[in-house]
Amino acid sequence: MINKPSIPQGTRDFSAQTIRKRNYILNTIKTVFELYGFQPLETPAMENLETLMGKYGDEGDKLIFKILNNGLNNEKNIEAAKAGFEKVLEGKNSVDVTERALKYDLTIPFARYVAMNHTKLSFPFKRYQIQPVWRADRPQKGRYREFTQCDADVVGSYSLMNDVEFALIYDEVFNRLGLFDYELKINSRKILSALARACNATDKLVVITTAIDKLDKVSVNKVKAELSEKGLTEFQIELIEKYIAISGTNEEKVEQLINLLGKMPETKRGLEEIKKILQHTAGKNVVVDFTLARGLNYYTGIIYEAKAPAIVQMGSIGGGGRYDDLTGLFGVPDIPGVGISFGVDRIYDVLEELKLFPENLQVSTKALFFNMGETESNFAFTVMQKLRKAGVACELFHIEETKIAKQFRYAEDKKIPFAVIIGSKEIEQNYCQVKNLATGEQHVVIFENLINFFNNN
């Protein structure tokens, strides 16, 4: 029995219609990236496992897709592989089983690239990258195991104007896509560090940020329970609860934070970063959210999270932040950086739900030449090649002895706007019939004028 064809959960096939819509999003983002001086870069689909592990926190490390080594069934590798699998079953890694993994995001591979090439790069180095990434997550709406990330980063500069520009890039892209009611949340990891210091729990910063980062998925009580399980005292949890409860306008939130954590030196530095962005984004959809934690360990300053309009039930559609020593993880310290990412697949779902894709995206072929017989088709092919050389996209219906009605359906299915009919009579009299399939209007066009006709219609 032949199994029914299928694809892995959390992955998708993309039709021409879907690809054109995705390209609309990607081209919009690329245009804005290049407007701000970024250049493209690509890195391999797989990385050495040691490059990725330990960079995303405990939760992120669990979602890394590991690739089995080749030759595990080779006689000389079997014993080592068996021992390696025992370690894997204990939740550990073993180079005897897996040395490589699919990349989890684009940021760590980019940091690895900078570390490998820092002597050849001109700083500040601004790059954008659009490639698929993989996460062993549970598939659900807006969450896939294979998805496209679209990143931009600047490395080699401490200037907060880079952080400001990324907030403006988000604004420009979302407005061009019609997502005027998006929300860009910002915070600073320095403020989260201030919270940990105020709790006298600097050694538990990762525990605190990981728990707080779950607030958009679980209740405050569950966050408190997790903190208690991780060993935080009642006093520490009470202070964190007060921090979580900060609310109001951006200005009111800042004032409440100063009252709570104003004595901490990190609070002052974190607020300077936030105020810098607010100063240059007046009238934009920027919201200060001190519960924003971005559970990745490498962030050191400003962090961002972009949210879709509230009428759409969707998670974040973008995020990022400052990481002032990410390349230090690869033995090249003191190269500061900041970057953002667009969640292309989620943005696609949002635009689809809100019906924001332009209607003309699906037009590729401008004209379909009907098949009226072998002699007529050969003649039509010659005419069609002249149109193609002039940049007019067209095709000939290649199935012989097909009824006209079926050819009309084909054009309609592919959203081809014009049908060109050339029969024996038309060949003799040097013209063709051109029908506008949207309006039904029919034109008689001599062959010499056909290029001009399509350039003007």
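In this predicted model, helix H6 (residues 160-176) and helix H12 (residues 265-280) have axes that come within 9 Å and cross at roughly 50 degrees. That angle makes H6 oblique to H12. The crossing of H6 past H12 is right-handed. From H6, the contact draws on Leu160, Met161, Asp163, Val164, Ala167 and Leu168. From H12 come Glu273, Lys276, Ile277 and His280. By class, the residues of this contact are six nonpolar, one polar and three charged.

A second helix pair can be read in the same terms. Two packed helices are described by the angle between their axes and the distance between the axes. For helix H9 (residues 220-229) and helix H10 (residues 234-244), the axes come within 10 Å and cross at roughly 150 degrees. Angles over 145 degrees count as roughly antiparallel. H9 and H10 are therefore roughly antiparallel to each other. H9, too, passes H10 in a right-handed crossing. Val220, Val223, Lys224, Leu227 and Ser228 of H9 meet Ile237, Ile240, Glu241 and Ile244 of H10. This contact of H9 with H10 has six nonpolar, one polar and two charged residues.

H10 and H12 both return around helix H7 (residues 189-198). Seven of the 10 residues of H7 are buried, so the helix is largely enclosed by the rest of the structure. The buried residues are Arg189, Lys190, Ile191, Leu192, Ala194, Leu195 and Ala196. Their cover includes strand E7 (183-188), helix H8 (205-212), H10, helix H11 (250-261), H12 and strand E9 (302-307).

Most residues other than glycine have a negative phi, and most peptide bonds are trans. Asparagine 200 is not a glycine, yet its phi is positive, at about 55 degrees. Its relative accessibility is 67%, so asparagine 200 counts as exposed.

Now the sheets. Eight strands form an open sheet in the order E1-E5-E6-E11-E10-E9-E7-E8, with mixed pairing. Its edge strands are strand E1 (39-40) and strand E8 (286-288), and each pairs on one side only. Within this sheet, strand E6 (residues 146-155) and strand E11 (residues 337-343) run antiparallel, joined by seven bridges. Aspartate 153 faces glycine 339 in E11 as its opposite residue. Helix H13 (residues 344-353) packs on the sheet. H13 touches E6, strand E10 (316-323) and E11, and its direction makes about 40 degrees with that of E11.

Phenylalanine 123 and proline 124 are joined by a cis peptide bond, with omega of about -5 degrees. Proline 124 sits in the loop between helix H5 (107-117) and E5.

Another open sheet has three strands in the order E2-E4-E3, with antiparallel pairing. Strand E2 (46-48) and strand E3 (66-67) each have a single partner strand, so one side of each is left without a neighbour in the sheet. E2 and strand E4 (residues 100-102) share three bridges in the antiparallel sense. The bridge partner of methionine 46 in E4 is leucine 102.

Methionine 53 belongs to the loop between helix H2 (49-52) and helix H3 (57-61). Its C-alpha atom is separated by 9.4 Å from that of alanine 101, 48 residues apart along the chain. Beyond its neighbours within four places in sequence, methionine 53 is in contact with Asp61, Ile64, Lys66 and Asn93.

Strand E14 (residues 418-421) has partners of two kinds. Strand E12 (residues 367-369) pairs with E14 in the parallel sense over three bridges. Strand E15 (residues 431-436) pairs with E14 in the antiparallel sense over four bridges. Phenylalanine 418 of E14 stands opposite alanine 367 and also opposite asparagine 436 in E15. In a regular strand the side chains alternate between the two faces of the sheet. In E14, Phe418 and Val420 point one way, and Ala419 and Ile421 the other way; all are buried.

Which loop residue comes between helix H16 (424-429) and E15? Asparagine 430 is found there. Asparagine 430 has a positive phi of about 65 degrees although it is not a glycine. At 30% relative accessibility, asparagine 430 counts as partly exposed.

Methods: Residues numbered from 1 in each chain as written. Predicted model: local features only at pLDDT ≥ 70, side-chain atom pairs only at ≥ 80, totals over all residues. Heavy atoms only, no water. Axes fitted to C-alpha atoms, helices over the stretch in contact; angles between N-to-C directions. Parallel < 35°, antiparallel > 145°, perpendicular 65-115°, else oblique. Left-handed = near helix turned anticlockwise from the far one by under 90°. Contact = heavy atoms within 4.5 Å. Nonpolar A, V, L, I, M, F, W, Y, C, P; charged D, E, K, R; others polar. Pairing = 2+ DSSP bridges. Buried < 20%, exposed > 50% of the residue type's maximum accessible area, 1.4 Å probe, protein only.
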